[in-house]
Structure formats: structure tokens, C-alpha cells
Amino acid sequence: MYDVKYDTFDKLREQLLYKRITAWTKDKLTLEDGTEITIECSEQDCCAWAGGEFTDVELDAVITEVSAPHSVRKDTTSWGETTVYGTVTIFHNNNPVATANCNADDGNGGYYYSVCSLVINDVHYEVVSA
């Protein structure tokens, strides 16, 4: 059993809006107030997995919007696994300033599950699950 605290994307938006991204790696965004956003596997079972990375990051633009997660499901292997790809885009006005590319797999034969989330201060915001 996982002891993960989840919250809504509205709460995530509250923590990001009107702040600047000052540093980033593929695993983490850092905001001007020290807030760190990571992409993590929140839950998994057996051989299922989840993860992702940040791409297309522009520093020093004020965040004015955070999209809701958008996902696409794909059957990816001959083992009957399915991977779900999810994206969250962070905007300055109408211009993307960062993209969180996440994915979750349902394991061997689709019998398992995983969840990929954005995480701030140990609170998870689910992006995609399989």
C-alpha cells in the first residue's frame, strides 16, 4: 500500500502561477521562491513503471497558466502492455515555457498499474496512470 498524498491540479496551479522558473534539469524545475517540481512514479505494481522528463523550458518567464493533463493511450509491445503518455504544459501568456512529458505502463500483459505525477513538497498531482 502506498502512502501518497494526492491533490488537485487547481492546487498545483495555485503554487505555480505568477512565479518564474529560474533553473531546470530534465528531472526538476526550480521556481524563484525555491519551490521544486519533480516528475515521479507515485505508485507502481510489480513490473509496471512510470516516469518522465521536462522539456522545452524557457527561464525567467512568469507562469500565467498550467494546462490540465492531456493523455494518449498506446498499445506498445507484443506482451500486451499499454503505455499512457501524458503532457502538462506551463505557459507564459499563450507561449509554452515548459512541458512535463510523463508516461505510465501497465506491466506484463497489462495486469499491473503505475501512476506518474508532478510532485511539490511531497504532494503528488497525478498526470497519467495505466
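In the predicted model, Cys-41 is partly exposed, with a relative accessible area of 28%. The count of disulfides comes to 0, and Cys-41 accordingly takes part in none, the nearest cysteine sulfur being that of Cys-116, at 7.3 Å. Cys-102, by contrast, counts as buried at 2% relative accessibility. The cysteine sulfur closest to that of Cys-102 also belongs to Cys-116, and the separation of 3.6 Å is too far for a bond, given that a disulfide requires two cysteine sulfur atoms within 2.5 Å.

Helix α1, which spans residues 9–16, contains the buried residues Phe-9, Leu-12, Arg-13 and Leu-16. When the helix is viewed down its axis, these buried residues fall within an arc of 100 degrees, and they therefore line one face of α1. The face of α1 that is turned away from the buried side carries Asp-10 and Glu-14, both of which are exposed. Lys-11, also placed in α1, counts as partly exposed, its relative accessibility being 38%. Although Lys-11 and Tyr-125 lie 114 residues apart along the chain, their C-alpha atoms are separated by 8.8 Å. The helix is followed by Tyr-18, for which phi is positive, near 65 degrees.

The cover over the buried residues of α1 is provided by strands from several parts of the chain, including β3 (28–31), β4 (36–44), β6 (65–66), β8 (82–92), β10 (114–120) and β11 (123–129). For Leu-16, with neighbours within four places in sequence set aside, the residues in contact are Leu-31, Ile-37, Ile-63, Val-66, Ile-90 and Ile-120. Leu-16 is also, together with Leu-118, one of the residues with the most contacts inside the largest nonpolar core, which has 30 residues. Two or more residues of this core are given by each of α1, β3, β4, β5 (50–55), β8, β9 (95–105), β10 and β11, and the largest share, 5 residues, comes from β9.

With β6 the pairing is antiparallel and extends over 2 bridges, and Val-66 has Ile-90 in β8 as its bridge partner; Val-66 and Ile-90 are both among the contacts of Leu-16. With β9 the strand also runs antiparallel, here joined by 10 bridges, and Thr-89 stands opposite Thr-99 in β9. The two strands β8 and β9 form a hairpin with 2 residues between them, and in the turn Asn-93 has a positive phi of about 55 degrees.

Within β8 lies Val-88, which is buried, its relative accessible area being 1%. When residues up to four places away in sequence are not counted, Val-88 touches Phe-9, Val-66, Ser-67, Pro-69, Ala-98, Thr-99, Ala-100, Leu-118 and Val-127. Among these, Phe-9 belongs to the buried residues of α1, and Leu-118 is one of the residues with the most contacts inside the largest nonpolar core. The C-alpha atoms of Val-88 and Thr-55, which are 33 residues apart along the chain, are separated by 11 Å.

Note on methods: Residues are numbered from 1 along each chain as its sequence is written. This is a predicted model: local features need pLDDT of at least 70, side-chain atom pairs count only at pLDDT 80 or more; totals for chains, interfaces and linings use all residues. Side-chain values use heavy atoms; hydrogens and water are left out. Buried means under 20% relative accessible area, exposed over 50%, partly exposed in between (1.4 Å probe, protein chains only). Helices (H or I, at least four residues) and strands (E, at least two) are DSSP runs, numbered from the N terminus. The arc is that of the directions from the helix axis to the C-beta atoms. Contact means heavy atoms within 4.5 Å. A nonpolar core is a set of buried Ala, Val, Leu, Ile, Met, Phe, Trp, Tyr and Cys residues joined through side-chain atoms within 4.5 Å. Two strands pair if DSSP finds at least two bridges between them.
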